[in-house]
Amino acid sequence: MKEFLLQFQDPNTQWVLFGTILLGLASGVLGSYALLRKQSLIGDAMAHAALPGVCIAFILYGSKSLFWFILGAAISGFISTWLIHMIVKKSRIKEDAAIGIVLSVFFGFGIVLLTYIQNESTGNKSGLDDFIFGQAASLVRSDVILISAISVILLFFTTLFYKEFKIVTFDPSFAKGIGLPVKWFDNLLIIMIVLSVVIGLQTVGVVLMAAMLITPAIAARYWTDRLSFMIIIAGLIGAFSGGVGTLISTTTKGLPTGPLIIVAATSIFIFSLIFGPKKGLLQAFMKHMKLRKKTAMDQFLLSLYDLSEQSRFEDSFTEIEVFEKRKIAKSLQQYVIKELSNKGHIQVEDGMVSLTDEGLEAAYKLVLHHRLYETYLMHELEFQGALSQKEFSLDMLTEGEKKRLYELMELHERKPLLVPNSLRTHKKKVYIHEL
């Protein structure tokens, strides 16, 4: 701990930590827009395409300068983005293929230039290797100030044009309709994404910068459906990853900062993937199990009602008879019996199962809904569309259509048998003749 505090007091460590936190914050925020605009791969193309720009800047300037390297990388990134759009627009090549072509050509050209520079007498002083895999430790104060300044500017413009970027991202047609210069905002957002990529090249490297841009945004997507919250969460994840990666690299010998930042961001993504409340695997599994259990209970009630209807509600049935009517997973069979018994929907005596008054009511409504749905599917063209929502709903039909649907159900002899008179006095019951 003492050694850690001593290293943390080092001004160079403080500057690098400050720069990586701001870089992660800006990358996470702008990565959210890149993800939602389905431009994740373009970020990867920009990172790889930046290498020849860095090499050309070194050849022209003659010495290492992060400012000129960023300028060269930005120009090269803009050109690669423009080429991708032109290839997609002017040819029959799809966007993913265009990205692959531009990425490979630019990166290959960059490697050729890098090899040429390394063979020169001053090539070993160029520090260009840092832009391939990243080396945050090579950052000096002036470099961190430049990266931080650009990050702050990017965050400022993102906050300033938040509403415009939101509309352009989700509904460009509406944006045009209200008079927003959509093309201008599109270009501005691309410029900002390019800048967020190029300022992180020396820290994270060409190979991993796309992950720095996208991983925090993907992780944030598992926690919220609102853009404002997603941007904030992605920014915090990026900043936390930058800080954690830098601190681990500082206190551990031989571990590079850039890859550790990506490992930290990926760890948060994996955690979000599993435990995220919106689309996490655990939440999805719980919803799936809940749906399976509900479906199994509905299937049991449907089967028991069908059997009871055939016997005019006079007989009881074995569990095996009911389960054979509609297949239910064996792992859920005892759960279904227990839950329906606890709810008071079924009565089990000496291995025989029968519907209680409450169970008969619940089963009747369920059967009525299913048979109306079956009838609707057979005559779907006669109706306006009760399936415009996720589930079949009578509320989507007019009164005339409802009446017609009931008539068709009777025509097909699918009308459920009326519940015995002794049960009709129940205030909560709903029957066909009352609808």
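Strands S2 and S3 (residues 352-355) run antiparallel and are joined by four bridges. Strands here are DSSP runs of E with at least two residues, and helices are runs of H or I with at least four, both numbered from the N terminus. Within this pairing, Gln 347 has Ser 354 of S3 as its bridge partner. The three strands make an open sheet, ordered S1-S3-S2, with antiparallel pairing. Strands S1 (317-318) and S2 (346-349) are the edge strands, each pairing on one side only. Two strands count as paired if DSSP finds at least two bridges between them.

The model is predicted: local features need pLDDT of at least 70, side-chain atom pairs count only at pLDDT 80 or more, and totals for chains, interfaces and linings use all residues. Residues are numbered from 1 along each chain as its sequence is written, and side-chain values use heavy atoms, with hydrogens and water left out.

Of its 435 residues, 45% are buried, meaning under 20% relative accessible area with a 1.4 Å probe and protein chains only. Among contacts with a separation of 6 or more, 66% link residues 24 or more positions apart. A contact means heavy atoms within 4.5 Å.

Ala 296 gives a local example. This residue lies in helix H15 (residues 281-310). Ala 296 is buried, with a relative accessible area of 5%. Leaving aside residues up to four places away in sequence, Ala 296 touches Ile 328, Leu 332 and Val 336. Ala 296 and Val 336 are 40 residues apart in sequence, yet their C-alpha atoms are 6.7 Å apart in space.

The largest pocket has a volume of about 550 Å³. A pocket is an open set of points on a 1 Å grid over the protein atoms alone, where a 1.4 Å probe fits, with protein on both sides within 12 Å along at least five of seven lines; lining residues have an atom within 4 Å of a point. The volume is the space filled by probe spheres set on the points, which are joined across faces, edges and corners. Sixteen residues line the largest pocket, and His 85, Lys 183, Asp 186, Asn 187 and Ile 190 lie nearest its centre. Helices H4 (66-90), H8 (162-170) and H10 (182-198) each supply at least two lining residues. H4 gives the largest share, six residues.

Definitions and conventions
Buried < 20%, exposed > 50% of the residue type's maximum accessible area, 1.4 Å probe, protein only.
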